[in-house]
Amino acid sequence: MANSFGAKRFNEDWIPDIDSAAWNHAVTMYVGVLTKYSPPGSEGNSFNEILALITEGKCGMWIVQLSQHHSYLIQNS
């Protein structure tokens, strides 16, 4: 999601770059969507809890970090 705003984790010199305007916009949007559309306490759900909600049809959208998804695929292949 942050990439959609042009956010980068590191700059060209490999210095962390998470305090940019792009990151601010991405995080602000994410928090707004989470606050407006998710049930209370959703921000505390773990990977496995969200996976269970998706499988049960109780979750319509899941914004997952690529490394989490990759680890899940490796563990469950």
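Visitor: Where is the place of D17 in this chain?

Guide: D17 sits in the segment before α1. A word on the ground rules comes before the details. This is a predicted model, in which local features need pLDDT of at least 70 and side-chain atom pairs count only at pLDDT 80 or more, while totals for chains, interfaces and linings use all residues. Residues are numbered from 1 along each chain as its sequence is written, and side-chain values use heavy atoms, with hydrogens and water left out.

The order from the N terminus is α-α-α. Helix α1 covers residues 21–37.

Now D17 itself. Its relative accessible area is 24%, so D17 is partly exposed. The scale is simple: buried is under 20% relative accessible area, exposed is over 50%, and partly exposed lies in between, with a 1.4 Å probe and protein chains only. Next, the partners of D17. Contact means heavy atoms within 4.5 Å. With neighbours within four places in sequence set aside, D17 is in contact with K8, R9, F10, N11 and W23. There is also a C-alpha distance to note. D17 and A7 are 10 residues apart along the chain, and their C-alpha atoms are separated by 8.1 Å.

Take K8 next. K8 also belongs to the segment before α1. With a relative accessibility of 44%, K8 counts as partly exposed. Residues up to four places away aside, K8 touches D17 and W23. K8 and W23 are 15 residues apart in sequence, yet 7.8 Å apart in space, C-alpha to C-alpha.

Side chains of opposite charge can pair when their charged atoms come close. The cut-off for a salt bridge is a side-chain nitrogen of Lys or Arg within 4 Å of a carboxyl oxygen of Asp or Glu. By this rule there are two salt bridges. One of them joins the side chains of K8 and E12, at 3.9 Å from N to O. E12 is exposed, at 66% relative accessibility. In the other, E56 meets K58, with the closest N and O atoms 3.4 Å apart. K58 is exposed, at 62% relative accessibility.

F10 is another contact of D17. F10 is partly exposed, at 37% relative accessible area. Its ring has a partner. Rings of Phe, Tyr and Trp (its six-membered ring) pair if their centres lie within 6.5 Å; planes under 30 degrees apart are stacked, over 60 are edge-to-face, and the rest are tilted. By this rule there is one aromatic pair. The ring centres of F10 and W14 are 5.5 Å apart and the planes lie at 50°, so the pair is tilted. W14 is exposed, at 66% relative accessibility. W14 lies in the segment before α1. Its phi is near 65°, a positive value in a residue other than glycine.

W23 belongs to the largest nonpolar core, along with A2, A7, A22 and A26, five residues in total. Such a core is a set of buried Ala, Val, Leu, Ile, Met, Phe, Trp, Tyr and Cys residues joined through side-chain atoms within 4.5 Å. A26 touches M1, A2 and F5, leaving out residues up to four places away in sequence.

Last, the wider view. Of the 77 residues, 9% count as buried. Contacts between residues 24 or more positions apart make up 26% of the contacts with a separation of 6 or more. The protein exposes about 6300 Å², with carbon and sulfur atoms supplying 58% of it. Accessible areas come from the Shrake-Rupley method with a 1.4 Å probe; for residues, only the protein chains shown count as cover.

Terms used:
Helices (H or I, at least four residues) and strands (E, at least two) are DSSP runs, numbered from the N terminus.
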